[in-house]
2 protein chains.
Amino acid sequence: MGENIGGTARVMWNFGLDRLRLVAPRDGWPNRKAVTVSSGGGQVLDKCLVHHTLEEAIQDLNLVFATTIRTRKFSKEVFNPYEGMKLIRDLIRKGKSVGIIFGSERAGLESKEIAIANAIITVPVNSKFSSLNLSHAVAVLAYEWFKISEHANDDIKRVISDLNITNKSEVNSFIQNLKIELSRSGYFWPEDKRESLNRNIENLFHRMPLTGPDIRTLFGIIKSISKHRDG
Amino acid sequence: MGENIGGTARVMWNFGLDRLRLVAPRDGWPNRKAVTVSSGGGQVLDKCLVHHTLEEAIQDLNLVFATTIRTRKFSKEVFNPYEGMKLIRDLIRKGKSVGIIFGSERAGLESKEIAIANAIITVPVNSKFSSLNLSHAVAVLAYEWFKISEHANDDIKRVISDLNITNKSEVNSFIQNLKIELSRSGYFWPEDKRESLNRNIENLFHRMPLTGPDIRTLFGIIKSISKHRDG
């Protein structure tokens, strides 16, 4: 189906993969629907190779992995997506050409197609509904591939450490300021509740993961409301 | 788009998830195309909830995570899919209700939609083509979820808190109240800064792990300062 080929091309390029080989596409080739659905992944389609048979499609590869959930029928090693992609990365580093075979949307891979593979990769799924859409299966494997490629998570780590939690003296100065305003407004009443009300406020603001800009926003809020009052 | 909703329902159920909430679906509801594409995941559609607004859709949840690749604009913590799903599993184990927000196919999530979230989950993608199809983004997160729930390991890396995080409707009602008071005090000035000031406040309070007592304390603080002003 054109939609599935387009969706596959799109998600491959989302995760930095661009070598697609099609075996006897059902609706012929090229396919307009595939181009539409591929969105910005059109270049993957532009340079994809079309073959008549699976044998022809994989003839230049050193190893191929078949994707299926029918893992027990074949005496082949079975990998989950993460293990499989890690193994493939190592093989490629050693100069091997490696392919992954996905079956058609309707039937998945047939036994004779799986027979051609060196090993199996299986996506863990709900036993009550295991039929993955083709492009979703590709999405999972491509995602695992991108994750283990070295720089995939650099960006995220940087963003996490970019979140600059402010220091306690800023939090304290906000709390002191707040207490002064609250005192003037009669918040600490009756007097014997002052201590627990104070504790409450300290606990609240110290527990929060506040950044410098957060503190300035909070200062601004209190200042705005109390200044207007005094004016 | 019906196709994306159907694809999402299908892949959710592939990975054992079945609680879908739709916000103002573009083509109305129910949608025949969604049913066709959902395949064996139709039951997810049968019991999905349809809401007019995002606020309405998340009001009973304790925490929500927004999915976006625009991670730098917001001072929120950013998790990759694995870390995010692990955190969510831990939160659910502690009795929290947690939601994940996905944007529309065309535009993704808008800033004001991200503002409502406690934190961000981002899928690492090819910087040359980062636009994921909606159901592919769901596929990746659902897959990580299923992997984690299958291998129930107990190395809890991160604990937001053991406290009772309040639900979003309480946070929203505090924010609404605060905005009214700030408006009266002239905080939103000049007028062209109103939107960014609003967004600022939403980001700040939605990001915080606020409990019910926290909300009451915050209400009390604002009430005390503004009431005194009026008296």
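**Cavities and a pocket**

Let me begin with the second largest cavity, whose lining divides into ten nonpolar residues, no polar and no charged ones. Please bear in mind that this is a predicted model. The cavity holds about 50 Å³ of space. Which residues line the second largest cavity? From chain A they are A:L204, A:F205, A:M208, A:L210 and A:L218, and from chain B they are B:L204, B:F205, B:M208, B:L210 and B:L218. Helix 10 (194-207) of chain A and helix 9 (194-207) of chain B each supply at least two residues of that lining.

The largest cavity has a volume of about 90 Å³. Its lining consists of F174, L178, F205, L218, I221 and I222 of chain A, together with B:F174, B:L178, B:F205, B:L218, B:I221 and B:I222. By class, that makes twelve nonpolar residues, with no polar and no charged ones. At least two lining residues come from each of helix 9 (168-184) and helix 11 (212-230) of chain A, and likewise from helix 8 (168-184) and helix 10 (212-230) of chain B.

I turn now to the second largest pocket, with about 1700 Å³ of space. It is lined by 50 residues, and A:L20, A:R21, A:I100, A:I101 and A:F102 lie nearest its centre. Among the elements of chain A that give two or more residues to this lining are helix 1 (2-14), strand 1 (21-23) and strand 5 (98-101). Helix 7 of chain A gives the most, with five residues. The pocket lining comprises 28 nonpolar, ten polar and twelve charged residues.

Note on methods
Residues numbered from 1 in each chain as written. Chains lettered and ligands numbered in written order. Predicted model: local features only at pLDDT ≥ 70, side-chain atom pairs only at ≥ 80, totals over all residues. Heavy atoms only, no water. 1 Å grid on protein atoms, 1.4 Å probe; cavity = no way out; pocket = protein on both sides within 12 Å on 5 of 7 lines; lining within 4 Å. Points joined across faces, edges and corners; volume = space filled by probe spheres on them. Helix = DSSP H or I, 4+ residues; strand = E, 2+ residues; numbered from the N terminus. Nonpolar A, V, L, I, M, F, W, Y, C, P; charged D, E, K, R; others polar.
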